[in-house]
Amino acid sequence: MNLSRPLLKAVNELGFLHPTPIQASTIPVALMGKDVCACAATGTGKTAAFMLPILERLLYRPTQSPAIRVLVITPTRELAIQIHSVTNNLSKYTNIQVCLAAGGLDLKSQEAALRKNPDIVIATPGRLVDHLHNTMSFGLQSIEILVLDEADRMLDEHFRDQMNEIIKLSPRGRQTMLFSATMTDEVEELVTLSLNQPVRLFVDSNTDVAYNLRQEFIRIRPNREEDRLAIVAALCSRTFSDHCLVFLQTKWMAHKLRIVLGLMGLNADELHGNLTQLQRLEALQKFKNGEVDILGGH
């Protein structure tokens, strides 16, 4: 990878030895300033794929006039927080300033940070539009690079109007990178609207599993449906007792699984919309730090 020393130092500290396929395909194209339309499965290293070339270009920005040069849009606050964390780790040996603007977090502190014109803003669509309408002296006129991450999910979450407004307010001469796990008709419309002669990268097919992820299938017969939670609990206890993420159909099931696993002596937590933003962030952080072995989510 043709990257500067501060970035290579951070990459080495994070333990990245070899680029993933999406990183190897995206980074050289992005460094040339070309628009990118990439289709890759979740968990394949997309964040570093777009952030490393962005940071490389920002190292040579004019520093005498601070300006917001990069805007990253992502569908959920949790994803925004994750991208913000990865970006801070990758840029730790640079003077590049990064700002997070996501719903559910303190509005006033975000306004103050945006007024300082950070180099990179990572935001969710709704909160960004809110700032555009209500935060004085904040705009997108200086944006040089626009990233639309998880584009298919943003369209599924009904952010189409906000995304159209953000794209229209961004300068026409910008570089745009769009990442999506699927290429639906709606995503193709967004590509036509926002990208200029993009380089298309199809790294993984929709049937591929994210790198280092193990996938198995267990059939539950119709007459055993009432035993579903007990079967999941048994699997967590006997086989998947460490770094296990369980997706459930309802918030109540996620809560019930945490109680059942707790009674079995397992270290489990829950993650769903009935929790406060602080509780959700704490649950994610505990899972990430290894303080919680099993996380049940909806």
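In what order do the three strands of the open sheet with S8 stand, and is their pairing parallel or antiparallel? The order is S8-S10-S9, and the pairing is parallel.

Before going on, a word on the model: it is predicted, so local features need pLDDT of at least 70 and side-chain atom pairs count only at pLDDT 80 or more, while totals for chains, interfaces and linings use all residues. Residues are numbered from 1 along each chain as its sequence is written, and side-chain values use heavy atoms, with hydrogens and water left out.

Some terms: helices (H or I, at least four residues) and strands (E, at least two) are DSSP runs, numbered from the N terminus. Two strands pair if DSSP finds at least two bridges between them.

S9 pairs with strand S10 (residues 294–297) in the parallel sense over four bridges, and Ala-268 has Ile-294 as its bridge partner in S10.

**The seven-stranded sheet**

There's also an open sheet of seven strands, with parallel pairing and the order S3-S4-S2-S5-S6-S1-S7. Its edge strands are S3 (98–101) and S7 (199–202), each pairing on one side only. Here the twist averages 15° from one strand to the next. Strand S2 (residues 70–73) and strand S5 (residues 145–148) pair over four bridges, with Val-70 opposite Ile-145 in S5.

| Helix | Strands touched | Direction |
|---|---|---|
| H3 (residues 46–58) | S2, S4, S5, S6 | about 165° with S6 |
| H9 (residues 185–194) | S1, S5, S6, S7 | about 175° with S6 |

**Cysteines**

The structure holds zero disulfides, a disulfide being a pair of cysteine sulfur atoms within 2.5 Å. For Cys-37, the closest cysteine sulfur is in Cys-39 at 7.7 Å, too far for a bond. Cys-37 is buried at 0% relative accessible area, and Cys-99 counts as buried at 4% (buried is under 20%, exposed over 50%, partly exposed in between, with a 1.4 Å probe and protein chains only).

Note on methods. Axes are lines fitted to C-alpha atoms, for helices over the stretch in contact, and angles run from 0 to 180 degrees between N-to-C directions. Contact means heavy atoms within 4.5 Å.
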